[in-house]
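Subject: Structure handover

Hello,

Here is the structure we talked about. Please look it over alongside the notes below.

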Amino acid sequence: MPRMLVGLGRRTFIHFATALLVAAHGFAADQAEPWNSPHFSLNPVVLYAAASEGNPPSGSDVAEFVDEDVFVFDADGGCIHTYYEISKVLTQKGVEAWSRTSAGWAPWNEARPSLRARVITPDFAVHELDPKTISDSPLGDNEADVYSDRRVLQAPFPAIAPGSVVEEESVMISKPEFAGSGYISWRIFGPVGVPVQLHRLVIDAPSSLPVQYELRMLPNLKPQRAEENGRVKLVFEYRPAAPLDPAEDYLPRGELSGPAILFSAGTTWQKATDAYAQITDGVLRDAQVKPLVEKLTRGKSSQAGKEEAILTYLDNEIRYTGIEFSENSIIPHATADTLTRKFGDCKDKALLMVAMLRAAGIPSYMALLNTGRGLGILPDLPGIGWFDHAIVYVPGNPGQWI
């Protein structure tokens, strides 16, 4: 299926049209590669011929020609992310898997994405994606007890059939979650089993905005680097020799299923964590929970006894339910709101516990974690977007993680 939401990289396998064919349609040889031409500008006959060269491995349902991500940053860390792909559907099974395009977005810090596509059938007829067929609907959540305002655009490709060539583009404009949050992303070159001609990643940023990257399973890949007019551009191009084998189950944490590029733009860990701590301290009100804490801890002389009383209250009285609208997808609700509603997600409950522990005279802090991406937190790639969970840390000898 075409890229869905986060947009991990995909694979393609199609050779270029011959120089003779390109020249016959008015293109110079050095412009033959489609990614060197403006999107949707190639003559459909040329594009179809280029996407039909080569011999995909037996059993392939879809072959991709180019899979390209371009990230253009401004000085404040805002980003325009353009995803572009050319693919050819080979079988009816491929039609069923590759019949639509989609893009998810968060309205509070992302503009509504733009979607564009055209399908070229074997008779070279061009079928443009009709904007009137694009649906805009709530994204929904993987967890039953989480509510958010994230949305998803989806649209069916017109005239898709075995032999069709699909050219598609999505553009997402985003601003930072907060000043100093940074921007993190990664591209895993997949999916497994789909052959690839070219993966291309472009990072274009002001010289003042730090950009760092890490390569996985790409020991010899070096970016093309250009610097002019106060901007730095990094271009990574990867041409796999063969499709990936199926990934093993239960890989160790930090191991990825295929080659990948991970990158960060615009912050340091110190800046990101200090900025987040300042924001959360702004909604933490330990004085508001002090009467409740005094009641819960009455007669408890030890720190352990006070901690147990507070944790028991939170477990029994504050159920797990997340209201993750707008900035509250990453910023906790005010402690008073969580206490009044009697529910909250991990960061809401963690911040409320910190407020209650501090009201009891116990130093404590909210700790952010990464639990599910298989990458862990990377010391050289800072960005608040790595995190997906929150717990509580109480200093001591030893310290406690709650």
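The protein chain has 8 helices and 21 strands. Both are DSSP runs, numbered from the N terminus: helices are H or I with at least four residues, strands are E with at least two. The model is predicted: local features need pLDDT of at least 70, side-chain atom pairs count only at pLDDT 80 or more, and totals for chains, interfaces and linings use all residues. Residues are numbered from 1 along each chain as its sequence is written, and side-chain values use heavy atoms, with hydrogens and water left out.

Of the 402 residues in the chain, 49% are buried, meaning under 20% relative accessible area with a 1.4 Å probe, protein chains only. Take the contacts (heavy atoms within 4.5 Å) between residues at least 6 apart in sequence: 75% of them join residues at least 24 apart.

**Helices 5 and 6**

Helix 5 covers residues 286-297 and helix 6 covers residues 303-317. They pack at about 115°, with axes 9 Å apart. Axes are lines fitted to C-alpha atoms over the stretch in contact, and angles run from 0 to 180 degrees between N-to-C directions. From helix 5, Leu292, Val293, Leu296 and Thr297 meet Lys306, Ala309, Ile310 and Tyr313 of helix 6. That contact splits into 6 nonpolar, 1 polar and 1 charged residues. Here Ala, Val, Leu, Ile, Met, Phe, Trp, Tyr, Cys and Pro count as nonpolar, Asp, Glu, Lys and Arg as charged, and the others, Gly among them, as polar.

**Pocket and cavity**

Both come from a 1 Å grid over the protein atoms alone. In a cavity, a 1.4 Å probe fits but cannot get out; a pocket is an open set with protein on both sides within 12 Å along at least five of seven lines. Lining residues have an atom within 4 Å of a point. Points are joined across faces, edges and corners, and volume is the space filled by probe spheres set on them.

The second largest pocket holds about 280 Å³. It has 16 lining residues, and Thr273, Tyr276, Ala277, Thr280 and Met366 are the closest to its centre. Helix 4 gives the most to this lining, with 6 residues. The lining divides into 11 nonpolar, 2 polar and 3 charged.

There is 1 cavity of 30 Å³ or more. The largest cavity has a volume of about 40 Å³. Among its lining residues are His333, Asp337, Arg341 and Asp348. Helix 7 supplies the largest share, 3 residues. By class, this lining has 2 nonpolar, 4 polar and 3 charged residues.

Best wishes

Definitions and conventions
Buried < 20%, exposed > 50% of the residue type's maximum accessible area, 1.4 Å probe, protein only.
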